[in-house]
Protein chains: 2
Amino acid sequence: MAPDRNRRRIPDATVSRLPVYLRILSEQAEAGVDNISSEGLAELAGVNAAKVRKDLSYLGSYGTRGVGYEVAYLVYQIRRELGLTHDWPVVIVGAGNLGQALAGYGGFGERGFPVAGIVDIDDTKVGTVLGGTRVRHIDELPQIVLTRRVNIGVIATPGGAAQDAADRLVKAGVTSILNFAPVVLSVPRAIEVRKVDLAVELQILSYHEQRRAGGAIHAVQSGTGRSATA
Amino acid sequence: MAPDRNRRRIPDATVSRLPVYLRILSEQAEAGVDNISSEGLAELAGVNAAKVRKDLSYLGSYGTRGVGYEVAYLVYQIRRELGLTHDWPVVIVGAGNLGQALAGYGGFGERGFPVAGIVDIDDTKVGTVLGGTRVRHIDELPQIVLTRRVNIGVIATPGGAAQDAADRLVKAGVTSILNFAPVVLSVPRAIEVRKVDLAVELQILSYHEQRRAGGAIHAVQSGTGRSATA
DNA sequence: CTGGCTTTGTGAATGTGTGCACGAGTGCCT
DNA sequence: AGGCACTCGTGCACACATTCACAAAGCCAG
């Protein structure tokens with residue numbers, strides 16, 4: 001049972017939108033924009049303005065009526081709420097296709113999640129260098145987690161190895177896991193797990209395509225009239 | 001034949017779980033399991049048994065009371081509902097880190113989403129071979145989409161190129177997009193877009209980590225009221 | 001054929017998320 | 001100073017999702 005240190009709990013739906021706002025606001029700040037209205041942010045984020053206001057209201061009342069929100073201050077507040085005021089080193093388990101891509105993807109470190117290490121169980125992969133990081137053996141996981149103070153683990157192994165990877169991560173002291181393997185992980189309740197499954201995403205798209213085909217097969221859209229809002 | 005078969009609409013939440021059930025059921029079938037109860041499936045999928053039953057009830061009543069569900073038949077029904085009775089070729093835009101990983105990841109084709117083509121705007125990448133597919137120039141996109149009857153596009157470009165990629169995909173006739181770029185795409189309403197954003201996922205984990213740690217830290221922060229500036 | 005056991009399918013209750021609508025501040029203009 | 005235009009913050013109603021709880025349905029043993 002979790003201790004009820006339930007201070008302002010932010011709804012999950014909101015938490016998952018805050019990073020999007022944050023990215024947009026950072027871009028706006030970069031572009032020299034000082035203030036932004038909920039309407040403007042909503043437009044850029046592809047959501048409803050009321051939703052933006054409600055989301056932001058969970059952080060406190062940082063807007064100014066009649067004016068909008070001060071971009072820089074909002075960036076600061078969201079970063080603080082998301083815990084992005086300091087780096088969160090991550091360890092990647094699995095140096096296969098995906099692990100390599102993740103390690104090579106520079107955007108990780110830039111966004112506050114430096115790769116503290118990559119490990120694999122396959123000796124032939126150990127020692128190779130990916131994105132500036134040397135692949136180490138998975139047995140070194142506990143040491144990496146401990147010395148680099150890693151809280152977040154990324155599982156980029158094949159499905160069959162994912163549960164083992166999760167077990168090792170948990171044992172090593174990691175408390176959050178981002179899982180790319182197409183497997184439902186079984187972990188202690190206190191561990192936060194998020195799943196990214198390509199096959200699932202594609203199958204959801206497939207569902208909609210199939211549904212579309214079921215009705216009338218309309219020809220290609222005439223105008224490229226894009227619109228995010230109604 | 002009436003194509004108007006107004007299929008019972010399946011809730012989004014259910015649609016996103018069906019692929020998970022499907023994978024588990026396929027594994028079970030492989031392992032020689034003939035029947036499974038909602039309880040058993042729920043266990044393997046990490047969800048509530050009532051939820052499983054309700055989800056499956058949207059497909060029709062294919063269970064047998066007192067016994068459970070026939071695995072093979074359920075696999076068939078879910079596949080049918082998700083439109084997985086035939087392949088959906090996909091085209092990948094962007095042959096960078098991620099595009100390479102996606103192309104190299106065999107699980108794509110195996111699961112019914114063969115890579116019909118990979119395109120990039122960078123001439124130096126055109127011609128290289130990834131996962132058995134030759135990278136072609138993005139100008140060839142319309143031709144690939146047309147000849148290979150592609151409905152699904154995958155955007156694996158840097159953020160800055162994503163909107164252009166989306167525009168080109170839509171123009172070429174693609175109706176579903178899986179977007180890995182950290183950008184909110186603007187597309188015609190009829191286009192189905194799903195987003196996979198690593199940074200967002202990590203930031204959500206960060207939020208929870210910060211919260212976990214925050215129990216103690218949340219000391220006095222009162223004086224930090226917003227600087228009353230303009 | 002009956003009674004007991006199991007498990008589905010679903011109504012109803014509860015919880016979570018969304019969006020409208022509007023009061024309440026704020027700044028600008030006259 | 002007063003009025004006006006603008007935009008936030010939020011109560012409320014509605015929609016969607018989850019979970020409970022139980023009757024109906026099927027199987028099996030005797």
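Leaving aside its neighbours within four places in sequence, with which residues is B:D87 in contact? The contacts of B:D87 are B:G112 and B:P114. Here, two residues are in contact if their C-beta atoms, placed from the backbone, lie within 7 Å. The C-alpha atoms of B:D87 and B:G112 are separated by 4.7 Å, although the two residues are 25 residues apart along the chain. B:D87 is found in the loop between α4 (71-82) and β4 of chain B. B:D87 has 14 C-beta neighbours inside 10 Å and therefore counts as partly exposed. A residue is buried if 20 or more other C-beta atoms lie within 10 Å of its own, exposed if 12 or fewer, and partly exposed in between.

This is a predicted model, in which local features need pLDDT of at least 70 and side-chain atom pairs count only at pLDDT 80 or more, while totals for chains, interfaces and linings use all residues. Residues are numbered from 1 along each chain as its sequence is written, and chains are lettered from A and ligands numbered from 1 in the order in which they are written.

Strand β4 (residues 90-93) of chain B runs parallel to β5(B), and four bridges join them. Helices (H or I, at least four residues) and strands (E, at least two) are DSSP runs, numbered from the N terminus. Two strands pair if DSSP finds at least two bridges between them. B:V115 in β5(B) is the bridge partner of B:V90. β5(B) also pairs with strand β7 (residues 133-137) of chain B, in the parallel sense, over three bridges. There, B:D120 stands opposite B:H137 of β7(B). Six of the six residues of strand β5 (residues 115-120) of chain B are buried, so this strand is largely enclosed by the rest of the structure.

The two protein chains touch. In total, 59 residues of chain B are in contact with 58 residues of chain A. Several elements of chain B each supply at least two residues to this side, including α1 (12-30), α5 (97-104) and α8 (159-172). α9(B) gives the most, with 14 residues. By class, the side of chain B that touches chain A has 28 nonpolar, 18 polar and 13 charged residues. Ala, Val, Leu, Ile, Met, Phe, Trp, Tyr, Cys and Pro count as nonpolar, Asp, Glu, Lys and Arg as charged, and the others, Gly among them, as polar.

The same surface serves both copies, as 81% of the contact residues of chain B recur in chain A.

A residue is near a strand if its C-beta atom, placed from the backbone, lies within 6 Å of it. Around DNA strand C there are 26 residues, of which A:P11, A:G66, B:S61, B:G63 and B:G66 come nearest. α3(B) gives the most to this surface, with five residues. Around DNA strand D there are 27 residues, and A:S61, A:G63, A:G66, B:P11 and B:G66 come nearest. Here α3(A) gives the most, with five residues.
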